Amino acid sequence: MGLLNERDRQTLSEMFRDLKFPVHLDLFLDPVQDWSRHAQGILREVVSLMPDLLHLEIYNFYKNQVLAALYGVEQVPTLILRDKNEDDTGIRILGIPSGYEFAVLIEDILDVSIGRSRLSEKSMNYLRNLEHDVLLQVFVTPT
Amino acid sequence: MALANPARIRGESIEANAFVEMAEQEEVFAVPKTVFTIKDLGKKQAFEGALSEDHFIRQLKGLMELS
């Protein structure tokens, strides 16, 4: 049973035509947790629409503690996006990527793949020269 | 934002219903809610509602300058 309907799949396929470089999606999950399984199901369907460029890796959080610690993963499900060089982009999606978070996921995949930014040059310069680590957490709900 | 400087910035989109404990800890009563944390300065600030880019950068600058 598909989680995405035919119209979603078509819309996504069209959006993914803009993809340029590979994107690596690393999902840390708990295999027996419903939220984790749901997140995995959605991500599998999304990457199946562009398998040449979208690479999904699934990690059992409890069996990959070292890697999880390296990425700062403390909760499941947590999705990490890495770019074409397999470098961490700093982008994390916590929870099931559905509703509002689904839109966030797709936009983030496109941004990473295309290497685009929607920020002004002035903002980019400021952010590039930060002297401290910053954590930005945006809490959302599906609707 | 994270893409501008992945070494320094981590951007998390958190589904509040799945992480109730985290949401309660950050006192999330309305969404979107954005929480800025600068750990090594011990600074934290939260905003409810959508933030414009200018507002966002101004707030971040303010937090940094207070150090």
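Which residue of S3(B) does Phe36(B) stand opposite? Phe36(B) stands opposite Gln45(B). To place that pair, start with the ground rules. This is a predicted model, in which local features need pLDDT of at least 70, side-chain atom pairs count only at pLDDT 80 or more, and totals for chains, interfaces and linings use all residues. Residues are numbered from 1 along each chain as its sequence is written, chains are lettered from A and ligands numbered from 1 in the order in which they are written, and side-chain values use heavy atoms, with hydrogens and water left out.

Take chain B next. Two helices and three strands make up its elements. Here helices (H or I, at least four residues) and strands (E, at least two) are DSSP runs, numbered from the N terminus. In sequence order, chain B reads β-α-β-β-α. Its C-alpha trace spans about 30 × 25 × 20 Å along the principal axes. S2(B) and S3(B) run antiparallel and are joined by six bridges. Two strands count as paired if DSSP finds at least two bridges between them. The two form a hairpin with four residues between them. In the turn, Gly42(B) has a positive phi of about 65 degrees.

Now widen the view to the sheet. Eight strands form an open sheet with mixed pairing. The order is S2(A)-S1(A)-S3(A)-S4(A)-S1(B)-S5(A)-S2(B)-S3(B). Its edge strands are S2 (54-60) of chain A and S3 (43-48) of chain B, and each pairs on one side only. From one strand to the next, the twist averages 20 degrees. In a regular strand, side chains alternate between the two faces of the sheet.

Look at two pairings in that order. S1 (residues 23-29) of chain A runs parallel to S2(A), with seven bridges between them. Within this pairing, Phe28(A) has Tyr59(A) as its bridge partner. The other pairing crosses between chains. S5(A) pairs with S1 (residues 9-15) of chain B in the parallel sense, over seven bridges. There, Glu12(B) is the bridge partner of Gln137(A).

H2 (residues 34-48) of chain A lies across S1, S2 and S3 (78-82) of chain A. This helix runs at about 165 degrees to S1(A). Axes are lines fitted to C-alpha atoms, for helices over the stretch in contact, and angles run from 0 to 180 degrees between N-to-C directions. H2 (residues 53-65) of chain B also packs on the sheet. It touches S5 of chain A together with S2 (33-38) and S3 of chain B. Its direction makes about 30 degrees with that of S2(B).

How do the chains meet? In the interface, 42 residues of chain A are in contact with 40 residues of chain B, contact being heavy atoms within 4.5 Å. The buried area between them is about 4,100 Å², and carbon and sulfur atoms give 60% of this area. Buried area is the accessible area (1.4 Å probe) that two parts lose on being put together, summed over both. Leu136(A), Gln137(A) and Phe139(A) supply 21% of what chain A buries against chain B, more than any other three residues.

Arg8(B) forms a salt bridge with Asp133(A), and the closest N and O atoms are 2.8 Å apart. The term asks for a side-chain nitrogen of Lys or Arg within 4 Å of a carboxyl oxygen of Asp or Glu.

Not counting residues up to four places away in sequence, Thr141(A) touches Tyr100(A), Glu15(B), Ala16(B), Asn17(B) and Val31(B). Thr141(A) and Glu101(A) are 40 residues apart in sequence but 7.7 Å apart in space, C-alpha to C-alpha.

Last, some backbone details. The peptide bond from Val31(B) to Pro32(B) is cis, with omega near -5 degrees. Pro32(B) sits in the loop between H1 (20-25) and S2 of chain B. In chain A, the bond from Val76(A) to Pro77(A) is cis, with omega near -5 degrees. Pro77(A) is in the loop between H3 (65-70) and S3 of chain A. Glu86(A) is not a glycine, yet has a positive phi of about 70 degrees. This residue lies in the loop between S3 and S4 of chain A.
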